[in-house]
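Dear colleague,

Please find the structure below, together with a short account of what was found in it.

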Amino acid sequence: MERKNEKTVHLSLRKWVFFPPWFLLIALVIVSLINEEQFLNGMNLAQGIILDNFGWMFNLTTLIRLVTVVFVWNSPLGKVRIGGRNAKPMMGFADLSWITLCTTVAAGILFWGCAEPMYHMYAPAVSEGVEAGSAGAALFAMKAMFLEWTWSPYSIYTVATVLFAFVFYNMRQSFSVGSAFIPVFGEKVKNYSGMIDIVCLFALVLGMAASLGTGTLTMAGGIEKVFGIGSGPVSWGVIIVAIVVTFIVSSISGVMKGIRRLSSLNGQVYLLLLIFLLVFGPTAYMLNFAVESFGAYLGDFFSISLLTGAVTEDS
């Protein structure tokens, strides 16, 4: 691809970065097929160890990133233009907004948008001091939703994205996740950029697999409920193939065509669903509860930012 007033960016496959995580993922799939129960037990054990010992780090890191975004926005750094002084956006603000929204909420909103508030309502944090299933628990669930789907997660995306964009477009470093560490650790970090890319690639694929899996099960359940088509391996396979083909086609078409158009279409569907819900739903109740929850979220922002990782009644 070409960038004006810059040299051509040559893309090539780094085999020693691509294949190690690929083989590891294949090995995990094989293990899961051979002994599903042991595989799930191992995954649950690893997840438990991470959350029990490092849950505080996730919450604290998120809070720090949110503070970082606010600081950078109000500092001279916020005036720096990505790509240089004369750089101009490749597309309009609306298109950028839809792409950002659709590539961040993705399939996760299909499952967690419903499952997460229900979980927090019936298993609220002990330190919140509310009874499961009560009005207080419902308020806590909505406060947690504002935490999980508004400023906090987008601060994580923003810090990583801005740092990478600055390193690539302004510092003219290689198109690698490892390059994002150069401003902090200097040029020597290039010696370890391959290992950083391997870890990030492996984590990225696992995250996409989890999102794809929950999204597939949710859509299959909805299709079964509406059309009576049983949710099972066949329907899962068809849905996954449809999603993957759509992803490949939009990716090959590029950001300016496939991804932009698909995101814009999704954004318009979001708006239509929102309008339908406001017109035919319990509008007054939803708005009252949303405003009350958002006010409670702002009032308890720092405590709620740390409570979602706390021990629940079911633990």
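Along its sequence, the protein chain of this predicted model runs α-α-α-α-α-α-α-α-α-α-α-α. That pattern comprises twelve helices and zero strands, where helices (H or I, at least four residues) and strands (E, at least two) are DSSP runs numbered from the N terminus.

As to overall form, the radius of gyration is 22 Å, which agrees with the value near 20 Å that a compact globule of 315 residues would have; the radius is taken over C-alpha atoms, and the globule rule is 2.2 Å times the number of residues to the power 0.38. The C-alpha atoms fill a box of roughly 60 × 50 × 45 Å along the principal axes.

Of the 315 residues, 24% count as buried (under 20% relative accessible area, with exposed over 50% and partly exposed in between; 1.4 Å probe, protein chains only).

Arg172 has a positive phi of about 60°, although it is not a glycine. Arg172 is placed in the loop between helix H6 (151-170) and helix H7 (182-185), and its relative accessibility of 43% makes it partly exposed.

Regarding conventions, residues are numbered from 1 along each chain as its sequence is written, and side-chain values use heavy atoms, leaving out hydrogens and water. Because the model is predicted, local features need pLDDT of at least 70 and side-chain atom pairs count only at pLDDT 80 or more, while totals for chains, interfaces and linings use all residues.

With kind regards
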